[in-house]
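Work through these exercises with the model open beside you. Try each task before you read its solution.

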Amino acid sequence: MISALRRVALSLATAVSVGYTVAHAQGPIAEAETALRTGRYDDAISAFRGLVRRDPAAPRSARGLIGALAEVGRYGEAEDAARRYIESAPNSPEIWNSLGEVLYLVGRIDEAADAFARAMNAGASDSLDARLNLAVLRWERGEREEALREFDGFIDVYNRSRGRDLSSEELTAVGTAVRYLGIEDSDYSRDALRAYEEAIARDPRNLEPRIKIGELLLEKYNSGEAAPAFADVLELNPSHPRALLGRARTLRFDGRPGSLELVDRSLEVNPNFVPARVFRAELSLEAEGYDAAAREAERALDVNPNSLEAIAVLAATRYLQGDHAAYEEVRDRALTFNPRYAGLHNTLAELSARNRLYFRAAEFAGRALELDPKSWRSFALLGINQLRIGLIEEGRANLETAFAGDPFDIWTKNTLDLLDTFEEYDEARTERFLVTIDGKESELLSLYFAELAEEAYDRLAMRYGFRPRTPVRVEVYRSHADFSVRTVGLVGLGALGVSFGPVIAMDSPSARDAGEFNWGSTFWHELAHTFHLGMSEHRVPRWFSEGLAVYEERRARPGWGEDVTPAFLMAYLQGRLLPVGELNNGFARPAFPEQLMFSYYEASLVLEFIEQQAGAQALIDLLSAFRDGAGTAEAFERVLDVSVDEFNDRFFEHFEERFAAPLAAMRPDRQMEHGQRPGRDDLEEWAREDPGDFYAQLMFGRILLEEGAIEEAVAHFERAKALFPQYAGPASPYWHLALAHRERGALSEAAAELDALTAINGRDYQANLELAEIRENLGDPAGAATALERLNYIYPYDMSLHARLAGLYSGLGEHTKAVRERKAVLALDPVDRAEATYQLARAYFDAGDLALARRTVLRTLEDAPSFEAAQELLLEIRARGSGGGT
């Protein structure tokens, strides 16, 4: 066995060999090979053609020409070049493998196999590549045992010379063969990487092993290390189609923009590059563009009718379109070619999951295992999707099997590590929920989750006339990295929560800095998804589901959910908001960093507009239409009796009316130069010359406030507020007016501004904190309690705020809430636990629960026997009890 290096694995991507490199070669052929290696394909083709004309029987020149033509997708010309060489040198075996690789790329499998056999049997200089290619063909046809015996022979090839006599290309072939053996024995996966690294060391100019390393790492969900491998290739050849595709895949995997642009660059170089067409189809499927996906898959199959990956993605497309007859036809086409092809159902599982069909994904993964019981990817897909639908123990068992077979799959490993931490979680059961929370904070968060969850379920059930199956499982993670692993298998996901339908996973408020998000609003959002997924049988389009969930946040509580911002309105004026019919693109592949959040808010406005125009029943009817297989366009025609384009026009007409004043106050042409904040003089000039400029009024007001010119600052803030009264985000006019009024001692005016702010943006931690203090100073305990109550759903870890809120509720006679807040203080592990326990006992007493009051005060006295206040409370309890109290 090749000596091991590290625990990773490898994937195969068959490509045309571009020719062996001779160290220090010089002259015209070396120049042609350099042009090919650096992506100057036209120059390379021209140079190789000239060399072939001078010597038609020179194999190196012919191989270079074939490789260059194939690299840019000119497969017919590449075949012609190969056959011309064979005619000129009929006794030479040197080009048969190159011809076979071209034939393979266009799906002429039997002819390719014959060409590989000729090269191998005649002892061509690239006969090892031919031997590998023939074994790969057998594997792809389902002749697994025969292929594995062939792959096993490559170990002997390596060990006979310890690799010293093998070329870089031959070492690459050994690495690919050994990768297949890793299916039987995962230790071989390390050897595959070692062979590739030796290939690079043997000839650093050979790009193939670098690409193989990137592909293997990405296959194992290690995009962080895959990206540099592709970057190395692109530094040498910025036009390399496979490296561009590999980089596009890493961007898609990381959830970063740019994947579509990169794959399009790949296709510009090689319009017939089947894997790029397949990837483009996958991108379209993620955006629910089924027709576009079908076109890409069909184009791929026009090039190579036997491409299993293209057949698989076409099958997934037909399935997701709801065309089951066409799906079955394509499925059978794949299984006729390879009856053991688990990749078909793995692809169906992956793409179903990306379209939120998690139950179907688990079913497809199970079918894949029926075809190939050693498909570790299938075990992993089955396990991951079982976890998503709440089958925790079954999912764990299948992930354990997957990891035992392939211990290099990072997603599987990370998920198993996460499952091991579940022992540290507590389960809190309510009537319709099973909430799992880290034991360090379950006592605290359970106080709020139970009440909020049941309220949300009741309100959404009443609104939609639908009741999801219970219990709904809710997993709350103290670590955002853990939440990210639960969701996508890796750290780094930017979302706050996710709903798989029967399972919700979300960040705990402790996973973020204080004030960074509202966990109550996030939970409501995710539970809304559970309803919408259930009602549509998981077929609701992403844009519709997200928009409706944000809209439900706004309906849940004043100040919850997203609201309008200057950046959002500026994006509209700059033409960067998407048409309604293209909103899915804003979620699946945002074109710029802010587009995702803009799409959430825009989609919520669309759904709000639909309800305003057609009533709440229209939302239910649209969900039903999606359940029945309609897309957005068909659903709009069926339910709203309007085309998407006509609806888009109506919506944006309404949009301009709704935001007419703030839109008029935006100045898209007045941009800050070089990203710098304008100077004081510029802002003063803008503010005085243009009273309708929101930004100038707000920013100059801030300068005046900093300078102590409070009265003048207030005038500018008032003007800004009048221009854009809907804006209550960071540094809004409301906030600055509150600060100015507080500075002047005008607390009532300050409170009024903060009331207005939090009515729009209840997620602002500092504004609620400030409002609570001012309301208390004004003698308004109810107003102070309302503000502090909002903080419980933002960041409930400040013990002093719970104590304050408990005192306010006691004074207001809301004793049940006072009890809850005293429990919260205890859950935060106060230093003076006896005092906190006593206060809880007092709250129970005030609430009339003498039994719990007595039990709790006795607990206090166990810890502090001489605690006089507790002793007195115990006497009060006994006195009231003897007087007929409960």
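**Exercise 1. A loop residue**

In which loop does alanine 731 lie?

Solution. Start with some ground rules. This is a predicted model, where local features need pLDDT of at least 70, side-chain atom pairs count only at pLDDT 80 or more, and totals for chains, interfaces and linings use all residues. Residues are numbered from 1 along each chain as its sequence is written, and side-chain values use heavy atoms, with hydrogens and water left out.

Step 1. Alanine 731 sits in the loop between α37 (710-723) and α38 (733-744). Helices (H or I, at least four residues) and strands (E, at least two) are DSSP runs, numbered from the N terminus.

Step 2. The phi of alanine 731 is positive, about 55°, although the residue is not a glycine.

Step 3. Alanine 731 counts as partly exposed because its relative accessibility is 27%. The scale is this: buried means under 20% relative accessible area, exposed over 50%, partly exposed in between (1.4 Å probe, protein chains only).

**Exercise 2. Another positive phi**

Solution. Step 1. Tyrosine 221 belongs to the loop between α11 and α12 (223-236).

Step 1. Its phi is positive, about 65°, and tyrosine 221 is not a glycine.

Step 2. With 12% relative accessibility, tyrosine 221 counts as buried.

**Exercise 3. The whole chain**

Describe the protein chain in numbers.

Solution. Step 1. Count the elements: the chain has 46 helices and 5 strands.

Step 1. Take the span. Along its principal axes, the C-alpha trace covers about 110 × 70 × 55 Å.

Step 2. Check burial. Of the 886 residues, 58% count as buried.

Step 3. Look at contacts (heavy atoms within 4.5 Å). Among those between residues at least 6 apart in sequence, 61% join residues at least 24 apart.

**Exercise 4. Two packed helices**

At what angle do helix α9 and helix α11 pack? Name the residues that make the contact.

Solution. Step 1. Helix α9 (residues 168-181) and helix α11 (residues 208-219) pack at about 20°, and their axes are 10 Å apart. Axes are lines fitted to C-alpha atoms, for helices over the stretch in contact, and angles run from 0 to 180 degrees between N-to-C directions.

Step 1. α9 and α11 are therefore roughly parallel. The classes are: under 35 degrees roughly parallel, over 145 roughly antiparallel, 65 to 115 roughly perpendicular, the rest oblique.

Step 2. From α9, the contact uses Thr172, Thr176 and Arg179; from α11, it uses Glu208, Pro209, Lys212 and Glu219.

Step 3. Sort these residues: 1 is nonpolar, 2 are polar and 4 are charged. Ala, Val, Leu, Ile, Met, Phe, Trp, Tyr, Cys and Pro count as nonpolar, Asp, Glu, Lys and Arg as charged, and the others, Gly among them, as polar.

**Exercise 5. Salt bridges**

How many salt bridges does a search of the whole structure find? Then examine some pairs.

Solution. Step 1. The search finds 79 salt bridges. Each is a side-chain nitrogen of Lys or Arg within 4 Å of a carboxyl oxygen of Asp or Glu. Side chains of opposite charge can pair when their charged atoms come close.

Step 1. Glutamate 111 pairs with arginine 83, with the closest N and O atoms 3.9 Å apart. Glutamate 111 is in helix α6 (residues 109-121) and arginine 83 in helix α4 (residues 75-88), 28 residues apart. Glutamate 111 is partly exposed at 37%, and arginine 83 is partly exposed at 30%.

Step 2. Arginine 277 pairs with glutamate 296, with the closest N and O atoms 3.0 Å apart. Arginine 277 lies in helix α15 (residues 274-286) and glutamate 296 in helix α16 (residues 290-303), so the pair ties together parts 19 residues apart in sequence. Arginine 277 is buried at 7%, and glutamate 296 is buried at 9%.

Step 3. Salt bridges with shared partners join Arg249, Arg252, Glu282, Glu286 and Arg354 into one network.

**Exercise 6. An enclosed helix**

Why is helix α28 called largely enclosed?

Solution. Step 1. In helix α28 (residues 566-573), 6 of the 8 residues are buried, so the rest of the structure largely encloses it.

Step 1. The buried residues of α28 include Phe568, Leu569 and Tyr572.

Step 2. Their cover includes α30 (595-614), α33 (644-658), α34 (660-664) and α36 (694-707).
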